[in-house]
Amino acid sequence: MILGIECTAHTFGAGIVSKSRILANARDMYKPKKGGIVPMESAQHHRDVAEIVYLQALDDANITESEIKAIAFSNAPGLAPCLLAGMEFAKRKASELKIPIICVNHCIAHLEIGQSLGAKDPVLLYASGANTQIIAFVSGKYRVFGETLDNGVGNFIDGFARYTGIPFPGGPEIEKFALKAGKKERLIELPYSVKGMDVSFSGMQTKLRRLYDSGEDLSNLAYSLQEHAFAMLVEAAERALAHTGKKELVLGGGVACNARLQEMCRLMCKTRGVKFFCPEKSLLTDNGAMIAFTGEIMLKAGIKQKPEKVDIKPRERTDDVDVYWR
Ligand code: AMP
Ligand code: MG
């Protein structure tokens, strides 16, 4: 039994995995009263709910804590106060239970969880709030083939939503508005910015706000936002597939819950003869199960960090990680 703790941003999650099977995936999400995430508030949230979420996970998995053999926690990348709160909890439990800690990179966990669906060597399109990256394993490392040059796609969508008065998280609401328009003739041309395999959203953000201020219908804007932003992501992902020659695409991150993004990926994969894997919603958004799942893979490869070496790495890059388990 491996316990996985997710703590990089707004979600405190506790997942339990045994032999690649997910037995529990409990979580609690911090929701700011107003505006975006306040890191110190989110960290306090994690401290407040940690024990409750942990007990929930034990209950869901129907195990006692003495059965846990290791604790994996997401030590990177993320908001430092949140990572610290997660590490405190992981260290306390590890010392109480006298078991090892495994440090897991959050972005890589989004990719590895694809294995639970059968993906062996995929390209990951990771579309979350703060992160937007296209990642694949090449020459001994997870490499970032493309990424956002400004905002993560989720933060970009939330930022526009907030401008129109929709509270965080705005993504699901924008999706509903987009469905109301949902016709090609409603498409408004917006800045489309793909540079190699990198993307950028600030030009589109400015244009969307201007159009909103001039009275343009929000559902038309939401629809056009999705069509442009997701096409950019899918174009970059396709380029990474072509470049690496890989035959699998995995989606990850909260924005991947969006049905239109999933549909665009499915279409692109079909025309390229690539297998498409989209984890269920509970595994797409930040969660402890993917951390436990990745931790188990790492543990099997024989890695145990010394407790005094365990630390947070708020700015760790995906390609800085030593991938000893592949
Ligand atoms: P994460 O950072 O991976 O936990 O995901 C959170 C982000 O996903 C937030 O920016 C949400 O607005 C976004 N999100 C969640 N559901 C949807 C959706 N259906 N469409 C677009 N974005 C979404
Ligand atoms: Mg994430």
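How far apart do the C-alpha centres of domain 1 and domain 2 lie? The answer is 26 Å. This is a predicted model, in which local features need pLDDT of at least 70 and side-chain atom pairs count only at pLDDT 80 or more, while totals for chains, interfaces and linings use all residues. Residues are numbered from 1 along each chain as its sequence is written, chains are lettered from A and ligands numbered from 1 in the order in which they are written, and side-chain values use heavy atoms, with hydrogens and water left out.

**The two domains**

- Domain 1 is made of residues 2-111 + 285-320, and domain 2 covers 112-282; these bounds come from an automatic or database domain assignment.
- Where the domains meet, 25 residues of domain 1 are in contact with 25 residues of domain 2 (contact means heavy atoms within 4.5 Å).
- About 2,200 Å² is buried between domain 1 and domain 2, and carbon and sulfur atoms give 65% of that area. Buried area here is the accessible area (1.4 Å probe) that two parts lose on being put together, summed over both.
- H110, L111 and T285 supply 32% of the area that domain 1 buries against domain 2, more than any other three residues.

**What holds the eye at the interface**

- One salt bridge is counted between domain 1 and domain 2 (a side-chain nitrogen of Lys or Arg within 4 Å of a carboxyl oxygen of Asp or Glu).
- R317 and E147 form a salt bridge, with their closest N and O atoms 3.1 Å apart.
- On the side of domain 1 that touches domain 2, β3 (21-29), α3 (106-112) and α10 (288-300) each supply at least two residues. Helices (H or I, at least four residues) and strands (E, at least two) are DSSP runs, numbered from the N terminus.
- The largest share of that side, six residues, comes from α3.
- By type, that side of domain 1 divides into eleven nonpolar, ten polar and four charged residues. Ala, Val, Leu, Ile, Met, Phe, Trp, Tyr, Cys and Pro count as nonpolar, Asp, Glu, Lys and Arg as charged, and the others, Gly among them, as polar.

**Around ligand 1**

- Ligand 1 is surrounded by 16 residues, the closest being S128, G129, D158, E175 and G254 (a residue counts if one of its heavy atoms lies within 4 Å).
- A backbone N or O atom of G129 is 3.0 Å from an oxygen atom of ligand 1.
- For G171, a backbone N or O atom also lies 3.0 Å from an oxygen atom of ligand 1.
- A polar backbone atom of G154 sits 3.4 Å from an oxygen atom of ligand 1.

**Salt bridges across the structure**

- The structure holds 16 salt bridges.
- One joins R47 and E88, whose closest N and O atoms are 2.8 Å apart.
- This pair links distant parts of the chain, 41 residues apart: R47 is in helix α1 (residues 39-61) and E88 in helix α2 (residues 80-97).

**Backbone details to look for**

- The peptide bond from A76 to P77 is cis, with omega near -25 degrees, and P77 lies in the loop between β4 (70-76) and α2.
- F168 and P169 are also joined by a cis peptide bond, with omega about -5 degrees; P169 is in the loop between α4 (153-163) and α5 (171-181).
- K19, a residue other than glycine, has a positive phi near 50 degrees, and is found in the loop between β2 (11-18) and β3.

Conventions:
Polar contact = N/O pair within 3.5 Å; in protein donor to acceptor, adjacent residues only side chain to side chain.
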